[in-house]
Every structure is written in structure tokens, then in C-alpha cells.
Amino acid sequence: MKKSSGQITIGIELIDDPAWMGGTLYVRNLAICLSRLLENERPLVQLIGAPNVVSDFIDEWGHLPIFNSASNNLLGRISRRLGWTQKVAAPIDIIYPGFGAQVPGAVTMRWIPDFQHRYLPHLFSEEEVTIRDCSIKEIADKSGVVILSSEVAAKDFCRFYPGHLATPRVWHFCSLLDTTKSASYAAIGQYGLPEKYLYLPNQFWAHKNHITVFKALARLRHERGIEIPIVCTGAQSDRRNETHFSNLQQFIQEKDLTGQVHLLGLIERNDQIEVLRHAAAVIQPSLFEGWSTVVEDVRATGRPIFLSDIPVHREQNPPHCSYFNPESDEQLAEILACQWGTLRPGTDVRAESEARQDMETRTLNSAHVFCEIANMALDISNKPKF
């Protein structure tokens, strides 16, 4: 694809971490989001990362107009076959999210996902807290643009680093899901799921707060005789708390919830979307988020959601939402008891159609905002634009 006058090239670092699917989807959705812009508005994108990761991405998304799909595809396939280290094509104007790649002459825009270590320090070692603080302070002390995922995080940045030289800007990412094809229950038949279930799509990290949900389900089962099946997907480990998942399993067994809690682990993204589309409702109990991918996925499908009442979730404010105190399993149990009987399993064609229309508008707005921020970063660096 020929580069036009005024067009910038953005080097996007792909994240390949099964334990952090939110980060992986974040950069993937950014590339797809930018491709939705009109030809005279969209940037070019150069993917940066391990050769197999770049190749896999291009195999699936190389048709997008922001890439030179033929050369990228060839590069990915040859690199994967021969074990080459990927070489970044020049010139690149912007590197994002700035987690490691360095390209001479390119301006690095950095992303700070959140300040979880400041709010939940007990979930980190002292060394991890120190490392995070030092790395963020290094970003704050340098001129340039730093992207935060929410207004909540932007306020935190200014509060925690009051003397910062960096220019904070907020960019809200959105999930881009294809719901144009009819949902297929057969696609998830392999998992043996009940017809009606709640869906909790979070990694099994301590701050994701599965325990409040399990306590609410146990309360409903043993005190009211209400049995609500729940499906959980996501990596079943927490490097900061190696016993966390086994403790949850023990609780499930002790409270006789084994038959109604379906633990699927990390499944294919396409299967995960089908599980989401067929759920009666989604539940997101997290104690802390930067900008919840779960909420954005739900917004893209129009499903109802039970959502922990934390500031960033209020900022996201999805439709069809019921908030609950994430530290009160009693309150959550009451809300579920009142609403479970009215929820219907399977897809809602009308809700998905409305969600697609909303997603298209939000995607274009999101892409425009990101490009404006990228151009601001170039202006701050005094780097001439093409």
C-alpha cells in the first residue's frame, strides 16, 4: 500500500501473553479499529513482535487496508519457517504501546493500563510495587504522550505523579466482534454446557474476584434452593498467588457447587464469543480494572451484565447493566434471585443488531481519537509529518 501525503505509520507492538488476554485483545482491536477509517484518514500499520505472533495475526487480519498484506504475509511466513528475527520496516513515525520496541527516529507513545498496584498493593510483592512505580515515574518524567484507558486512570496519573512532564491523554478501546452470522450452539457443544447459564469470562487472578460470585451462588443454593449454573473461562493461574485457583476449587467442592460451576480454562477466542452470545447474562465482579474488556465485549453483543460497582465500570456504563457491591455476596445473591427468572438464554437478534450499530459509531470515534493523539505526540516531539 502506497503511503500518501499526511499519512503516518504506526508500529504496533503485538502482545503474546496467554495470561493477559486483555492486553492481547487491546492491541488487536486497535489495529482493526484503525482499519475502519476512510482511506484518506487511516494510517499505515507495521506490526512488531515475535515472527510467529506477527504471522498468525497477518494470517487472520492481513486483508485489512492498513497493511501491505502481501508483503506482511510473506514476511510472516518466511520468518516463521526459517526462524528469523523480524526486522522493522522504516520509516515508522509512532511506536505503541511502548513496552519494549525501539526504532530509531520513531516517537514512542506509551500506555499505562492501570494503577492496580496502588489500590491493591497486598496483591503484589514489595519488589513488584517498586518496579511498577519506578517504571511509571520514568514515563511521567519524560516529555511525550502517555495514554490512559479511562478518565479514572488519567486522574490517578495526575494525582500520583503531580510533577509529570508527560502529557496524559485518554483513549477508550472498544471490542470488535462479528455478530453478523447466526450464533451456533453446536460450536460450543463440546463443552457440555447447560442451556441457561451465567458467564464469567475473567482470568483467575485474585483481583478478578470470582469468590464473591461463588459465595453468592452458594448462598442462593443453600438458603433459597436456587441453583444458577455459571460458566467460567480464562487462564487458571495467578503468578502472584499460586494457591488462588486451588483455593477457589476447594470452596466449590466444600459448598457442593461442582455440578453448577463449569470451569473451561483458556479457550479459543471464537468459542469464547459463542459462549458469550449464548449466555443468559454476563457477570463481571472485578475489584479493579483499567478499562474492562469484558464490559466492551458485552456491549458489542448486547447481552445483559451484572457489574461490580467500581468507578471505571460506572465510566464505561454499558446498557442492560445491574451494579452490585463487589464485596457483598449477600447483595449480589439478592440481585440474582430477583432477575434470574426473567433472563433468557441464547442470542437476542435485536439486541445484537442495535449493538452492531453502536459499535460502528464508537469504533470510528475511537479510531479518530487515537489518530489525533498520535499526531499530538508527533507535534510534541517536533518530528515532521509525512
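Let me start with strand β11, residues 281–284, where Ala-281 and Ile-283 point one way while Val-282 and Gln-284 point the other way, and all are buried, buried meaning under 20% relative accessible area with a 1.4 Å probe and protein chains only. In a regular strand, side chains alternate between the two faces of the sheet. Strands here are DSSP runs of E with at least two residues, and helices are runs of H or I with at least four, numbered from the N terminus.

What we are looking at is a predicted model, in which local features need pLDDT of at least 70 and side-chain atom pairs count only at pLDDT 80 or more, whereas totals for chains, interfaces and linings use all residues. Residues are numbered from 1 along each chain as its sequence is written, and side-chain values use heavy atoms, leaving out hydrogens and water.

Now to the neighbours of β11, where pairing requires at least two DSSP bridges between two strands. Strand β8, residues 198–200, pairs with β11 in the parallel sense over 2 bridges, and Tyr-199 stands opposite Val-282. Strand β12, residues 305–308, also pairs with β11 in the parallel sense, over 3 bridges, with Phe-306 as the bridge partner of Ile-283.

Turning to the helices, the axes of α7, residues 210–224, and α8, residues 244–254, come within 11 Å and cross at roughly 0 degrees, the axes being lines fitted to C-alpha atoms over the stretch in contact, with angles from 0 to 180 degrees between N-to-C directions. That makes α7 roughly parallel to α8, a term for angles under 35 degrees.

How values were computed: Buried means under 20% relative accessible area, exposed over 50%, partly exposed in between (1.4 Å probe, protein chains only). Angles under 35 degrees count as roughly parallel, over 145 as roughly antiparallel, 65 to 115 as roughly perpendicular and the rest as oblique.
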